[in-house]
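Visitor: Please take one single part of this model and describe its surroundings closely. I would like a connected account.

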Amino acid sequence: MDALLATGRRQITALVDAVLPPLCPGCSKPVGKQGLVCGPCWSRLSFIAEPLCAACGLPFEYEAAEDSLCGPCLQQMPSCQRTRSAVQYNDASREMILRFKHADHLHAAPIFCEWMSRAGRLLLEDCDLVVPVPLHRWRLFHRRYNQAALLARPLAAQAPRGQLAVDLLERTRKTASQGQMTPSERQRNVRGAFTVRASDRQRVSGANLLLVDDVYTTGATLEACARTLLRAGAARVEALTLARVVKSGA
C-alpha cells in the first residue's frame, strides 16, 4: 500500500510539473522540480541557526550558552516562552514572502514549511495545538487565504500530538497595516485585537500552544496573541515564524 501511495504521489507531482512548470519562489525562473530555490536566490538567503536567544530566538553574533537571553528579553520576558524563525527577513526572503502573501505564489508553501519544521523541531514536539495568527475577516475576504494558516496546516501534521486549530483565535477588529509603524505603535495597534472563541476555551485550558505566522518584525502581534491565549488558560505559548527581522548589530 505504501509503495502504491508513493507511486501515486510521484505521478501527481509529475502531472503538476507538466501543467505548472516548477518556478523559483524568489525570482520565478524555472527550476528542476517543485519546491526548489534557484542557486542565486538560495545564496542570498540567511538561515537562522544557533547561537540564539533562548526565549525570542534572536541570533547572536558571538558564541553563547544555550540558555542565554538577549538584552530585550533580559529586561522583559516575552509571553511566548520560545520563538523560533527559519530565515532572516532580507531582500531575498522578502521577495519570496511577499509573492506568497499577496501574489498567490502558494507553490512556495511546502519549502517554507520544510524550513520552518527544521527551525521549530523542538517546538513541534512539545505542542498540543498549532494556532495560526488570524486575519480579520475583511482582509481574509480580499486576500482569499490566510498565509499563516497555509503554513500551519502541514506543520501541525508533523507535530506528534499537535492538532491544527485554525479558528481558535479570532481577530476582532481590523488593525492598520504595520509596515511603517514603530515598535510602540505596533503594540498599540494590536492591543485587544484578538480573542479566543468561547467554544474553544476548554481546548485552550491547560494546553501547550504553538503560534504560527509568516514574519516576526517586532513581536507585537505574537505578544498580543500569546497574552490572549494565556488569559484564556493556556499552560504555555510558543511561536514559530518563517522569517524574522534581524537588525544589523543585534
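A close look at one residue

Guide: Leaving aside residues up to four places away in sequence, T241 touches R84, S85, A86, M116, D213, D214, V215, Y216 and L222, where contact means heavy atoms within 4.5 Å. The model is a predicted one, in which local features need pLDDT of at least 70 and side-chain atom pairs count only at pLDDT 80 or more, while totals for chains, interfaces and linings use all residues. Residues are numbered from 1 along each chain as its sequence is written, and side-chain values use heavy atoms, with hydrogens and water left out.

T241 lies in strand β7, which covers residues 236-244; strands (E, at least two residues) and helices (H or I, at least four) are DSSP runs numbered from the N terminus. Why does T241 count as buried? Because its relative accessible area is 0%, and buried means under 20%, exposed over 50% and partly exposed in between, with a 1.4 Å probe and protein chains only.

Among the residues that T241 touches, S85 also makes a polar contact, side chain to side chain, with T241 at 2.6 Å. Such a contact is a pair of N or O atoms within 3.5 Å, of which, within protein, one must be able to donate a hydrogen and the other to accept it, residues adjacent in sequence counting only if both atoms are side-chain atoms. The side chain of T241 also reaches the backbone oxygen of A243, at 2.9 Å.

As for the chain around this residue, its secondary structure comes to eleven helices and seven strands, and 46% of its 250 residues count as buried.
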